[in-house]
Amino acid sequence: MEYGFGQLIALLCKSTDNRIDGWLLMSSPLNVTLIILAYIVIVRRIGPSVMKNRKAYDLRNTLVVYNVFQIIYNSYLCWVLGSEAQPIGSLMKSDCEIERSDELKLQCFGFGWWYLMNKILDFMDTIFMVLRKKNDQITFLHVYHHAIMVLLSWVSMKYLGDSRMSK
């Protein structure tokens, strides 16, 4: 089966559940790809060159606020996912299938979207390293991890979401 360029673009923009297409960053892979590329360029090139002749910033208070926010946000997300998405109860059934109503599926997409936003916010970890001139901590693996987490989170929601939430 051959596809033309326009058909391929249309396929890339088609979600497994079209209710999420209007959500921020979910309509097409372009925006999330640009965010990831901007992150890589900033932390590998622009940031270190801007900070080259500058004194490292003291971000102690900023990091405390950021880390407390992340702890609260991630704890809440885990609690909500564990209680609202009902993954354990559904898997305890004899057929091990997760049964969700359309409303609950949409709610799960919402949790996934908030998770995606958190992964984008996690880029700040690296930005703080750049501003503190901790360039030895900005390894390929660190940058790759943050970039791939955003990409895989987006792809999971866009293309796999509904197929992973059976019935």
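Tyr 76 and Trp 79 sit three residues apart in helix 3 (residues 60-84), so they are separated by about one helical turn. In this predicted model, the two rings form an aromatic pair with 6.2 Å from centre to centre and 40° between the planes, an arrangement described as tilted. Tyr 76 is exposed, with a relative accessibility of 52%. Trp 79 is exposed as well, with a value of 56%.

Trp 154 and Tyr 159 form another aromatic pair, with ring centres 5.6 Å apart. Their planes meet at 85°, so this pair is edge-to-face. The cut-off matters here, because planes over 60 degrees apart count as edge-to-face, while tilted pairs fall between that class and the stacked pairs, whose planes are under 30 degrees apart. Trp 154 is buried, at 1% relative accessible area, whereas Tyr 159 is partly exposed at 25%. Altogether, the structure contains seven aromatic pairs.

The next topic is the overall fold. How many helices and strands are there in the protein? There are seven helices and zero strands. Read from the N terminus, the order of elements is therefore α-α-α-α-α-α-α. Of the 167 residues in the protein, 32% are buried. Among contacts with a separation of 6 or more, 79% are between residues 24 or more positions apart. The accessible surface of the protein is about 10,800 Å², and carbon and sulfur atoms account for 65% of that area.

The largest nonpolar core has 22 residues. Those with the most contacts inside this core are Met 26, Leu 116, Met 117, Ile 120, Phe 123, Val 150 and Met 157. Two or more residues come from each of these elements: helix 2, helix 5 (102-121), helix 6 (123-131) and helix 7 (140-160).

Phe 123 can be looked at in more detail. Leaving aside residues up to four places away in sequence, Phe 123 touches Ile 35, Ile 36, Tyr 39, His 146, Ala 147 and Val 150. Thr 126 lies in helix 6. What does Thr 126 touch, not counting residues up to four places away in sequence? Its partners are Tyr 39, Val 43, Ile 138, His 142 and His 146. Tyr 39 and His 146 are touched by Phe 123, and Thr 126 also touches Tyr 39 and His 146. Is Thr 126 buried or exposed? Thr 126 has a relative accessibility of 0%, so it counts as buried.

Charged side chains come next. A search of the whole structure finds three salt bridges. In one of them, Lys 158 pairs with Asp 21, and the closest N and O atoms are 3.0 Å apart. This pair links distant parts of the chain, since Lys 158 is in helix 7 and Asp 21 is in the loop between helix 1 (5-13) and helix 2, 137 residues apart. Lys 158 is buried, with a relative accessible area of 0%. Asp 21 is partly exposed, at 23%.

Another salt bridge joins the side chains of Asp 58 and Arg 60, with 3.3 Å from N to O. Asp 58 is exposed, at 59% relative accessible area, and Arg 60 is exposed at 61%. A further salt bridge is formed by Asp 122 and Lys 119, whose closest N and O atoms are 2.7 Å apart. Asp 122 and Lys 119 are both buried.

The last stop is a nonpolar patch on the surface. Which residues form this patch? Leu 30, Leu 34, Leu 37 and Ile 40 do, with about 350 Å² of accessible area together. Ile 40 is located in helix 2 (residues 29-51). With a relative accessible area of 31%, Ile 40 is partly exposed.

Notes
Residues numbered from 1 in each chain as written. Predicted model: local features only at pLDDT ≥ 70, side-chain atom pairs only at ≥ 80, totals over all residues. Heavy atoms only, no water. Patch = residues over 30% accessible without salt bridge, like charges linked within 9 Å, V, L, I, M, F, W, Y side chains within 5 Å. Areas by Shrake-Rupley, 256 points an atom, 1.4 Å probe, with all protein chains shown as cover. Salt bridge = Lys/Arg side-chain N within 4 Å of Asp/Glu carboxyl O. Helix = DSSP H or I, 4+ residues; strand = E, 2+ residues; numbered from the N terminus. Buried < 20%, exposed > 50% of the residue type's maximum accessible area, 1.4 Å probe, protein only. Core = buried A, V, L, I, M, F, W, Y, C linked by side-chain atoms within 4.5 Å. Contact = heavy atoms within 4.5 Å. Phe/Tyr/Trp six-rings, centres within 6.5 Å; stacked < 30°, edge-to-face > 60°.
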